[in-house]
Each structure stands twice: as structure tokens, then as C-alpha cells.
Amino acid sequence: MPPRNRANSKGAAATKDDEGRQPVYSEMAMRNNAGVLEYARTCQAAGAGIASGILGLTAIPGFIFYFVTILIQAAVWEWKSGFSWGKYFMDRSSSVTHSLMSGLFTYILFWVFFYGMVHVY
């Protein structure tokens, strides 16, 4: 009896079987997972920008705050996936690197806006 590959509507990966075959990924599930990660990164960037603006962070501490929140979010995604990242994404580093720059732009937008609202006006 050949080993079965696992894939469900939330997960995308299949396991590598005993014969050395490559895992099979569901394209629709992978797109859904990437979309969820994109949405979460955008919300995280907006929330972090609001927080750093209200806290009055400027220059390097503000950017460090953004990258720390990214690492925290990556840790939460890792925990949420049950430490089995391979079931949901092809590359483990995507939790940190996916939409890093677009998230940074969103972060800066909210950071500057809320800093100006709280500390300038």
C-alpha cells in the first residue's frame, strides 16, 4: 500500500514518502496561505506603526520596533502552525520575509501619521 500524501483546505503540503518522492502541494491552498500571511502582515504593520507613533519612537528605535514585531509575528505563526511550517508553506523563511517591504511602507505610513497626530498637533 503506497503512503498517502496529506493535504487539506488549510494546509498545503504533503509528506515525503519512503520511496523518496517529492511532496505535492495544493496551489489553491498555497495561495490562500500566502494571502492570509499578507493580510496578517499588513494588519501587524499598521498596528505596530500606530503603537510606535503613539509611543513617540523616532529614527532607529522605530525601525527596530518594526523588525521586533515581525519576529514576534513569525513566532506566533510558527506556534499557530503547530511547529509544522512545512504543512502550510514551501519555505520556512516566508514567515519573516513575506511582504517585508510592503509591510515596512505600511508601518512608516501609520508611524508618521500617528506620531504627527499625537506629538506634533
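Mentor: Let's start at Tyr 66: skipping neighbours within four places in sequence, Tyr 66 is in contact (heavy atoms within 4.5 Å) with Arg 41, Gln 44, Ala 45, Leu 100, Gly 103, Leu 104 and Tyr 107. Keep in mind that this is a predicted model, so local features need pLDDT of at least 70 and side-chain atom pairs count only at pLDDT 80 or more, while totals for chains, interfaces and linings use all residues. Numbering runs from 1 along each chain as its sequence is written, and side-chain values use heavy atoms, with hydrogens and water left out.

Tyr 66 comes out at 0% relative accessibility, so Tyr 66 counts as buried (under 20% relative accessible area; exposed is over 50%, partly exposed in between, with a 1.4 Å probe and protein chains only). Tyr 66 belongs to the largest nonpolar core, seven residues in all, with Ala 45, Ala 48, Ile 70, Leu 104, Tyr 107 and Trp 111. A core here is a set of buried Ala, Val, Leu, Ile, Met, Phe, Trp, Tyr and Cys residues joined through side-chain atoms within 4.5 Å. At least two of its residues come from each of α1 (27-55), α2 (59-80) and α4 (100-120), helices being DSSP runs of H or I, at least four residues, numbered from the N terminus. α4 gives the largest share, three residues. Apart from this core there is another one, of five residues, including Leu 37, Trp 77, Trp 85 and Phe 89.

Now the rings. Five aromatic pairs turn up in the whole structure; Phe, Tyr and Trp rings (for Trp, the six-membered one) pair if their centres lie within 6.5 Å, with planes under 30 degrees apart called stacked, over 60 edge-to-face and the rest tilted. Tyr 66 and Phe 67 have ring centres 5.2 Å apart and planes at 65°, so they are an edge-to-face pair. Phe 67 has 39% relative accessibility and therefore counts as partly exposed. Phe 113 and Phe 114 also make an edge-to-face pair, because their planes sit at 85°, with centres 5.3 Å apart. Both ends of that pair are partly exposed: Phe 113 at 47% relative accessibility, Phe 114 at 22%.

Phe 83 is exposed, at 56% relative accessible area.
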